[in-house]
Amino acid sequence: MAETMDVAMPTTVFGLLERLQAAEYRDLEALIEDGERWTYGQLMERVNRLASVLWGRFGIRPGDKAVLAFYNQTEFFVGLFALRKIGAVAVPLNIMMAQDDVLYVVMNADAKLVLAEAELIAKLAAQIGRTQFALPVVVAGAPDDFPMPLPRWNDLLAEGDPDFQPPEPIPQD
């Protein structure tokens, strides 16, 4: 029989994630992808690591926008929750759109950063005919021979703080 949780409902999805990663629930499964199982504690650790890098290295602050260009994968959720943790606005990209529409959204989102799956960013780069972008791009799932010199998702997670808390109060939804 599956475990059930008696949790008072917070007002936001991120508030629920923070509550579930507390000691009482941190070892329960939160996500499963390709046979890999992540607990709430592991998910929140990755969220904190990414949030600390977005805040410290990229200077993302409350109200700033960042494009999320991922398939249905864990990086999407980590990026979404990390942006929420620091009060930034996620601009999820519908990856099924035509490439011209994808380019339009990326170029007109007023974003300060793009978090993207390597395959998607490679297609975008081919469409615009260049491998350098006007705004920072963080790439996930890139093979070792990926042709663009972009920050790698796993490298950023490795340098991030697993216990990060933004130094400024973040407004709640």
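Me: Phe-77 first: how exposed is it, by relative accessible area?
Reply: In this predicted model, Phe-77 has a relative accessible area of 28% and is partly exposed.

Me: And which aromatic pairs are there, starting with how many the structure holds?
Reply: The structure holds three aromatic pairs, and one of them joins the rings of Trp-55 and Phe-164, whose centres are 6.4 Å apart and whose planes meet at 50 degrees, so this pair is tilted.

Me: Where in the chain do Trp-55 and Phe-164 sit?
Reply: They come from distant parts of the chain, 109 residues apart, with Trp-55 in helix 2 (residues 40-56) and Phe-164 in the segment after helix 6 (153-159).

Me: Is Trp-55 buried or exposed, and what about Phe-164?
Reply: Trp-55 is buried, because its relative accessible area is 7%, and Phe-164 also counts as buried, at 8% relative accessibility.

Me: Back to Phe-77, what does it pair with?
Reply: Phe-77 forms an aromatic pair with Phe-76 that is edge-to-face, with 5.4 Å from centre to centre and 85 degrees between the planes.

Me: Which charged residue lies over the face of Trp-55?
Reply: Arg-61 does, at 3.9 Å from the ring centre, while the charged end of Arg-46 sits over the ring of Trp-38, 4.0 Å from the centre of that ring.

Me: Changing topic, where is Val-89 found, and what is it in contact with?
Reply: Val-89 belongs to strand 4 (residues 89-92) and, setting aside neighbours within four places in sequence, is in contact with Gly-63, Asp-64, Lys-65 and Ala-66; Val-89 is partly exposed, with a relative accessible area of 37%.

Terms used: Residues numbered from 1 in each chain as written. Predicted model: local features only at pLDDT ≥ 70, side-chain atom pairs only at ≥ 80, totals over all residues. Heavy atoms only, no water. Helix = DSSP H or I, 4+ residues; strand = E, 2+ residues; numbered from the N terminus. Buried < 20%, exposed > 50% of the residue type's maximum accessible area, 1.4 Å probe, protein only. Contact = heavy atoms within 4.5 Å. Phe/Tyr/Trp six-rings, centres within 6.5 Å; stacked < 30°, edge-to-face > 60°. Lys NZ or Arg CZ within 6 Å of the ring centre and 35° of its normal.
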